[in-house]
Amino acid sequence: MQIATTRFGSLAVDVDDLLHFPRGLMGFEDCLHWVLLADSKNSAVGWLQSADRPAVALAVVSPRRFAPEYRIRLGQSQLSTLDLSDASRLYALCAVNRDNGRCTMNLRAPILVNLDRRLGCQVVTADEQPLQLELTKPSAQLRKSA
């Protein structure tokens, strides 16, 4: 299928690559379908592109790439939309913000994706995570992933 985007132009996307967010994301509740794209200039960053609104694309990173000790503590009800099984692969992403030349990631509202079912949700953590962490170069021993 073709997805029109303002940032990346027209994209040919396999329907199986779409991620479904039944409740959308915070601030984008009307955007239910997304695709995760690699950034050709920065392997640490990915783009969560809305398939519903061409102008909406969020820069995202794997939080553990920059904060290896990062843990997400949630209530069971927060995970219900992900339809997890014992064998499900759960992936966490954090949105990146740019402010005054600094890039930070939001640690309190991670985006979770069940890779097997292609379902996602954004949650607010139940613990005292710092709201934002400034991004610096990741440790060389960490695996490269968006």
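Let's start with a rule: rings of Phe, Tyr and Trp (for Trp, its six-membered ring) pair if their centres lie within 6.5 Å, and planes under 30 degrees apart count as stacked, over 60 as edge-to-face and the rest as tilted. By this rule, the count here comes to three aromatic pairs.

Before I show you two of them, some housekeeping. This is a predicted model, where local features need pLDDT of at least 70, side-chain atom pairs count only at pLDDT 80 or more, and totals for chains, interfaces and linings use all residues. Residues are numbered from 1 along each chain as its sequence is written, and side-chain values use heavy atoms, with hydrogens and water left out.

Okay, the rings. Phe 21 and Trp 34 form an edge-to-face pair, 6.3 Å centre to centre, with 70° between the planes. Where do Phe 21 and Trp 34 lie? Phe 21 is in the loop between strand 3 (19-20) and strand 4 (33-38), and Trp 34 is in strand 4, so the pair ties together parts that are 13 residues apart in sequence. When I say strand or helix, I mean DSSP runs numbered from the N terminus: helices are H or I with at least four residues, strands are E with at least two.

Is Phe 21 buried or exposed? Buried means under 20% relative accessible area, exposed means over 50%, and partly exposed is in between, using a 1.4 Å probe and protein chains only. Phe 21 has 0% relative accessibility, so Phe 21 counts as buried. Trp 34 is at 0% too, so Trp 34 also counts as buried.

Trp 34 has another ring partner. Phe 28 and Trp 34 are edge-to-face, 6.4 Å centre to centre and 80° between the planes. Phe 28 comes out at 21% relative accessibility, so Phe 28 counts as partly exposed. Put together, ring pairs link Phe 21, Phe 28 and Trp 34 into a cluster.

Next up, strands. Two strands pair if DSSP finds at least two bridges between them. Keep your eye on strand 7 (residues 90-99). Strand 6 (residues 57-61) pairs with strand 7 in the antiparallel sense over two bridges, and Val 61 has Cys 94 in strand 7 as its bridge partner. Strand 7 also pairs with strand 9 (residues 111-114), antiparallel again, over four bridges. There, Tyr 91 stands opposite Val 113 in strand 9. Then there's strand 8 (residues 102-106), which runs antiparallel to strand 7 and is joined to it by four bridges. In that pairing, Val 96 stands opposite Met 105. The hairpin of strand 7 and strand 8 has two residues between the strands, and Asn 100 takes a positive phi near 50° there.

Now for charges. Side chains of opposite charge can pair when their charged atoms come close. For a salt bridge, we want a side-chain nitrogen of Lys or Arg within 4 Å of a carboxyl oxygen of Asp or Glu. How many salt bridges does that give? The count comes to three.

Arg 53 forms a salt bridge with Asp 30, with the closest N and O atoms 3.2 Å apart. That links distant parts of the chain: Arg 53 is in the loop between strand 5 (46-50) and strand 6, Asp 30 is in the loop between strand 3 and strand 4, and they are 23 residues apart. Arg 53 is partly exposed, with a relative accessible area of 33%.

Asp 83 forms a salt bridge with Arg 117, and here the closest N and O atoms are 3.0 Å apart. Asp 83 lies in the loop between helix 1 (63-66) and strand 7, and Arg 117 in the loop between strand 9 and strand 10 (119-122), so the pair ties together parts that are 34 residues apart in sequence.

Arg 89 forms a salt bridge with Asp 116, at 3.1 Å between the closest N and O atoms. Arg 89 is in the loop between helix 1 and strand 7, and Asp 116 in the loop between strand 9 and strand 10, so this pair ties together parts that are 27 residues apart. At 49% relative accessibility, Arg 89 counts as partly exposed, and so does Asp 116 at 42%.

Last stop: Gln 122, in strand 10. Leaving aside neighbours within four places in sequence, Gln 122 is in contact (heavy atoms within 4.5 Å) with Leu 25, Met 26, Ala 109, Pro 110 and Ile 111. That's my tour, thanks!
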